[in-house]
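Today I shall take you through one protein model, step by step. Please keep the sequence and the structure in view as I speak.

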Amino acid sequence: MANKSFLILLLSLFVLPGAFAQDLLNFVNPNIGTAHSRWFFYTPAAVPYGMAKLAPSTNGSYGNLQGWEAVGYDTRHNSIEGFVHFHEWQVGGVSFMPTAGELKTVPGLLDKPGSGYRSAFDRKNEIAQPGYYSVLLDDFKIKAELTATKRVGFHRYTFPKNDRSRIILSIGNIQGESGPVTDASIKMIDDTHFEGFVITYPKYVKTYDEGGKVAMYFYGELNKKPKSVDAFNLEKISADSRSASGVGAGLSLAYQTQENESVEIKVGLSYTSVSNAKLNLQTEAAALNFDSAKKAAQAEWQTELGKIKVSSKNNADMVKFYTGLYHALLGRGIASDVNGNFPRHDGTIGQLPKDKQGKFSYNFMNTDAIWGGFWNITQLWALSYPSHYSDFVHTQLEIYKERGWFGDGIANSNFVSGVGTNFVGLAVAGAYQAGIRDYDLNLAYKAVLGNELNYQNRLVGSGKTDTKSFIQNGFVPYLDADKTDSTGAHFSGSHTMEYSYSAFAAAQLAKNMGKITDYNKLIKLSNGWRLLFDKELKLIRPKTSEGNFIDKFNPLEAWRGFQEGNATQYTFYVPQNPKGLIAAIGTKTFNDRLNNIFETSQKNAFGGGKTIDAFAGIQSLYNHGNQPNLHISWLFNYSSSPWLTQKWTRAICDEFYGTESIHGYGYGQDEDQGQLGSWYVMASMGLFDVKGLTDARPTIQLGSPVFDHADIRLANGKQLSIITINNSKQNVYVQSALWNGKVLNNSWLYRDDLMKGGKLTLKMGDKPNKTWGIKVPPPSEQ
């Protein structure tokens, strides 16, 4: 057997790297999970972290009543209403649509063909790849193609012979999460160039940063002069007019086309000004046509995806992996221009600094909240994409310098929190502990400390408006009313668990920076979870301000004491001290309960079953489709049962994640700008940190790698190889391990050792080895 294992290992070293030469784009399927996906999710014509995220829209003009629902592109729809340029959290706008015939100035309704300029399409005639999209619009027989650079969108429309071909430039309408349009303008400035802007008031800006705005600017270039131009807005159509303004503003460009005649458009984008949109276009795209832009975009995707190369005989696993990595690299796009300008909340324009080489030190970005991101995307960033983590920290420090607070979710420097908590301090502390420290450390520490302890004049959009009650009581008291204020919160249970964790993260940062007084205060607060632990039920249970547990308590009831989850799920929310939680529950009870939770949840697809809704699983025992318990399958490493972590993380990879348009990230998923995709990437390589990199010396816990071989280019430029022997769908259990040729008996490594690079070899089997990885659990309290 030993010789056979050695032969398999030898073959893996010489045969499998050949597979790495494959076109990684072939493993990315952007159409996965598009039955219920967020606004950013389906934007194939983009480059990693681009500002220009071009995509077809099937229902973006319908808007988004609550601000967060799935909107934009849905695989259950059969018509396209336009191709939109901006797709970011709370940011959407500027839609183009090629049409023909009678001028129509509205997209029309999904269930009423002919009510607008939308067109039916057949997915057999649709191609979606990283950096490229094309589709045949059946109503007009027009082929539409899209690609992009970082800040420039490219269109190519190929028309049939028609005397009345048109391109609709729709500027002044709601798009996705944009909220209502408050102002818009577009004008032709000569025969082949146009410019304009749209200003919107998103739902979450209204809620968390009242009075703010999101402005989007553009400067476009046509490769062919239109025969005529008409203007329109919500009130009227102005024939032979070259400018439009107000709600509903747009232009119709008319062409007399020959068979297979193409019109190409380049569109420079900016969040600061029309002049910067023009500069972005000239800088990034002056020498590019559509084909060269597409080639460059796809080459960039190859490079970024290629930083992690995995190999498997199972094509579905490869598709899941690279589609997950694609979504992780797609979300949270840059908001700064080529000259370093970026939008500030007060309406002025900020300026990024340059390094000694004359390059901008970082990018300013727009970002969804980081709620739960420490169990997926920040770990991936820290592993192989450190510049993105650095951009995130720098962006938040810019926000802090202007506003005095971190902002969590950010849309053009506006606070768009979404959940009313704020984990930015924890994410910044994690960056520090992961060695990402290219920023003002004293400023960062001050901001992190303030995020945990300050409450006077705290802005609503910075979240944690119940901080005072947490500090005074050690826990957040429960309020019957659905609100959060200085006295407590309706989501008091989840807030207490979350604030205890983030206090721990700040405490570890304080320790490493020699701030011992702060450390002592914060580490005491990190034990707030103990005050809500019901020793009889062995569950977390909210308390009133008088210190009494709430009555009429149902451990599976969501939204009462717990945000987007329930007491059963949130009881495991003690990543800062798994050992303490396990001791409080009892090791056997802990393992039995958690294992039973997964056995039951497996029957329900580890979430809400096949219900297509973002909150389908929040009343279940475990919900992988949302953030609060994405770490708990890894807790068995801490409870002397690492084989159960191996079993259940592999099962989630195999069963929750799919390769279909409806079953992609579960069924009812809430994919917040790449977080669920990132979880798959990390878990499928068998790497994870329950603590989200917040320990003073972080560890990485090991699971059950899906792949036979993985080569990872680490953040420091070194190489990590993960090799599995005897791996298969059945052989999910680690039998033995080697780290750089030496026997590894622990189910974890210190992260700084892992980041030195080398080779991790895991021998797998179909039955648990219950003696491996149990002697020394990962460090818990530090």
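Predicted model: local features only at pLDDT ≥ 70, side-chain atom pairs only at ≥ 80, totals over all residues.

Where does Gln 433 lie? It belongs to helix H8, which covers residues 424–433. Is Gln 433 buried or exposed? Its relative accessible area is 8%, and buried means under 20%, so Gln 433 counts as buried. If we set aside the neighbours within four places in sequence, Gln 433 is in contact with Gln 508, Leu 509 and Asn 512, and also with Leu 693, Thr 694, Asp 695, Ala 696 and Pro 698. Now compare two separations for Gln 433 and Pro 477: in sequence they are 44 residues apart, and in space they are 32 Å apart, from C-alpha to C-alpha.

Let us turn to the domains. The protein chain is divided into domain 1, residues 29–305, and domain 2, residues 335–464. In their contact, 28 residues come from domain 1 and 32 residues from domain 2. The C-alpha centres of domain 1 and domain 2 lie 29 Å apart.

Rolling a probe the size of a water molecule over the atoms shows where empty space is left. How much space lies in the largest pocket? The value is about 780 Å³. Why does the largest pocket lie between domain 1 and domain 2? Both domains give residues to its lining, so the pocket lies between them.

There are 33 residues lining the largest pocket, and those nearest its centre are Tyr 204, Tyr 208, Gly 418, Val 419 and Gln 563. Helix H2, residues 203–208, supplies the largest share of this lining, with 4 residues.

My last stop is His 624, which lies in the loop between helix H16 (587–602) and helix H17 (642–655). His 624 has a relative accessible area of 0% and is therefore buried. Which side chain does the side chain of His 624 meet in a polar contact? The partner is the side chain of Tyr 657, at 3.1 Å. Not counting residues up to four places away in sequence, His 624 touches several others, including Phe 606, Gly 607, Leu 630, Ile 652 and Trp 679.

Thank you for your attention.

Notes. Residues numbered from 1 in each chain as written. Heavy atoms only, no water. 1 Å grid on protein atoms, 1.4 Å probe; cavity = no way out; pocket = protein on both sides within 12 Å on 5 of 7 lines; lining within 4 Å. Points joined across faces, edges and corners; volume = space filled by probe spheres on them. Helix = DSSP H or I, 4+ residues; strand = E, 2+ residues; numbered from the N terminus. Domains from an automatic or database assignment. Buried < 20%, exposed > 50% of the residue type's maximum accessible area, 1.4 Å probe, protein only. Polar contact = N/O pair within 3.5 Å; in protein donor to acceptor, adjacent residues only side chain to side chain. Contact = heavy atoms within 4.5 Å.
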